[in-house]
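Here are my notes on the packing inside this chain. Keep the structure open while you read, and find each residue as it comes up.

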Amino acid sequence: MKVLVANRGEIAVRIMRACRDMRVPTVAVYSPSDRLAPHVRYADEAVGLGADRPAESYLDIDKLVSAARRSGADTVHPGYGFLAENAEFARACHAAGLRFVGPAADVIALMGGKTASREAAQRAGVPVVPGTDGPLPAGLTADEIGRTADGIGYPLFVKAVAGGGGKGMRLVDEPAALPAAVRAARSEAQSAFGNPAVYLERCVTVARHIEVQLLGDDEGRVVPFVERECSIQRRHQKVIEETPSPVVDTATRQALAAAAAALARGVGYTNAGTVEFLLDDAGHFYFLEMNTRLQVEHPVTEMVTGVDLVEWQLRIARGEKLALDAERVLAPHGHAIECRVYAEDPEAGFIPCPGRITSLRTPDGPGIRNDSGVAQGFEVPLHYDSMLSKLVAWGETRAQAIDRMRRALTEYEVGGVRTTIPLFRWLLGRPDFAAARFDTGFLDRALAARPPGPLLPPPPEVEEIAVLATAVRASLDARTGRSAREAAGARRTTWQQAARVGGLRR
């Protein structure tokens with residue numbers, strides 16, 4: 001076995017580490033911006049893709065298949081993102097005689113379609129959120145769509161059939177807003193996925209996002225794992241994940257696992273996948289979607305079960321039978337929390353912050369794991385997802401895991417780019433998070449309600465620097481004869497800049 005990893009960043013490094021443990025050689029692929037990236041240096045070999053634009057590099061199926069052939073790889077691991085849930089990529093790999101680490105192409109296509117996967121869940125006896133049975137026909141009038149929506153009930157979502165990550169999705173609270181929401185969702189779906197089809201689904205207003213990791217082998221055995229709690233989201237994108245869920249009891253855990261396994265068996269699922277559910281405040285759960293790949297948040301499952309999910313992906317891909325204790329992986333040991341660290345500015349609307357990482361200190365110590373795809377001196381590119389790492393903390397209890405995560409976040413320092421680390425320090429210090437009083441709308445509400453200013457006050461030494469810089473600015477303004485209004489504005493800017501520079505060192 002020789003594995004080409006058709007991805008980049010921390011997930012590529014993570015897959016290569018599993019391969020190294022198994023003494024399996026690896027091949028990296030890279031764009032010009034990534035030529036010095038950690039995943040390229042970690043691999044045994046590397047093949048350049050010749051362009052930075054994703055469509056001409058990491059999304060170019062022909063280039064990836066050609067790279068596998070040129071390198072002598074016989075297996076392709078898609079990671080997550082890019083082509084990981086692309087049925088055509090899986091077919092192209094199989095046509096070229098390559099193993100694809102994932103489910104069969106037909107299963108990817110079936111479960112990647114939101115309405116088709118809903119139908120599969122219903123056939124397997126898994127409850128689904130009320131909604132349309134298929135995509136809205138393109139020729140429906142606004143009145144016809146309105147009558148369909150009335151039968152489902154408001155609030156509801158307009159969702160892209162081929163959607164994900166919050167793209168092609170619009171929340172509609174009243175009938176008057178429906179036509180515009182359908183048009184906008186179709187337009188965004190066409191742009192993001194090349195497919196404008198949308199469907200309607202009732203919005204469960206107070207819900208938690210719970211998911212079940214599973215593995216399936218070629219002989220039909222399916223093993224579901226303990227659930228993950230993924231309710232801390234910003235605009236429908238996960239920010240913090242943990243396992244087990246602090247609100248799921250043993251009976252609900254077993255019911256969730258049984259539902260996920262029934263769906264997987266019903267579609268002939270193999271390799272790693274995740275079934276996602278909504279859990280309402282009455283304890284009822286509903287099928288949401290299935291991700292036919294490894295998840296970003298898989299490390300928390302590994303931390304509480306001791307199972308290397310990537311290793312099992314590779315073992316299943318080469319035809320091995322699942323040899324896991326199903327009861328053990330449903331009974332977690334301890335608690336794990338993951339924070340997704342991005343090069344984004346949470347105090348400026350989460351805008352991406354590409355640039356050079358001028359200094360880097362990563363956390364360590366008991367219970368801490370940091371899956372990273374960057375290093376000091378690395379240039380965070382504009383072209384791709386801005387995730388820097390996944391920081392994971394494990395503890396015997398949830399309280400201990402939170403304490404360890406808070407400690408790790410104080411040790412984590414990134415210079416040169418803004419990151420989401422201050423957001424996590426602020427969020428993990430909130431009483432509602434500690435008490436697990438949250439749902440999928442919690443973070444958006446908390447961010448909207450917070451007062452203006454930094455998420456965290458600057459440390460005392462930064463405050464002193466800012467005050468000193470402001471005093472110097474005031475003295476200069478007095479000499480140059482600026483107006484009082486101009487001088488006040490200049491002093492505010494000076495204070496903010498000094499505080500921001502100090503904040504990068506927090």
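1. Start with one term. A residue is buried if its relative accessible area is under 20%. Phe438 and Phe442 are both buried. Bear in mind that this is a predicted model.

2. Now the rings. A pair of aromatic rings is described by the distance of the centres and the angle of the planes. Rings count as a pair if their centres lie within 6.5 Å. The count comes to seven aromatic pairs. One of them is Phe433 with Phe438, which is stacked. Their centres are 5.8 Å apart, with 20 degrees between the planes.

3. How buried are the two partners? Phe433 has 0% relative accessibility, so Phe433 counts as buried. Phe438 has 5%, so Phe438 counts as buried too.

4. Phe438 also pairs with Phe442. This pair is tilted, at 6.1 Å centre to centre and 45 degrees between the planes. Elsewhere, Tyr58, Phe82 and Tyr384 form one aromatic cluster.

5. Look for charges over rings. The charged end of Arg398 sits over the ring of Phe433, 5.0 Å from its centre. Arg20 lies over the face of Tyr42, and the distance to that ring centre is 4.0 Å.

6. Why is helix α13 described as largely enclosed by the rest of the structure? Helix α13 covers residues 421–428, and eight of its eight residues are buried, so the rest of the structure largely encloses it. Among these buried residues are Pro422, Phe424, Arg425 and Trp426.

7. Next, the largest nonpolar core. It has 41 residues. Which residues have the most contacts inside it? They are Ile232, Ile240, Leu423 and Trp426. Several elements each supply at least two residues of this core: β12 (237–243), β15 (335–342), β22 (387–395), α12 (398–411), α13 and α15 (442–449). The largest share, six residues, comes from α13.

Key: Residues numbered from 1 in each chain as written. Predicted model: local features only at pLDDT ≥ 70, side-chain atom pairs only at ≥ 80, totals over all residues. Heavy atoms only, no water. Phe/Tyr/Trp six-rings, centres within 6.5 Å; stacked < 30°, edge-to-face > 60°. Buried < 20%, exposed > 50% of the residue type's maximum accessible area, 1.4 Å probe, protein only. Lys NZ or Arg CZ within 6 Å of the ring centre and 35° of its normal. Helix = DSSP H or I, 4+ residues; strand = E, 2+ residues; numbered from the N terminus. Core = buried A, V, L, I, M, F, W, Y, C linked by side-chain atoms within 4.5 Å.
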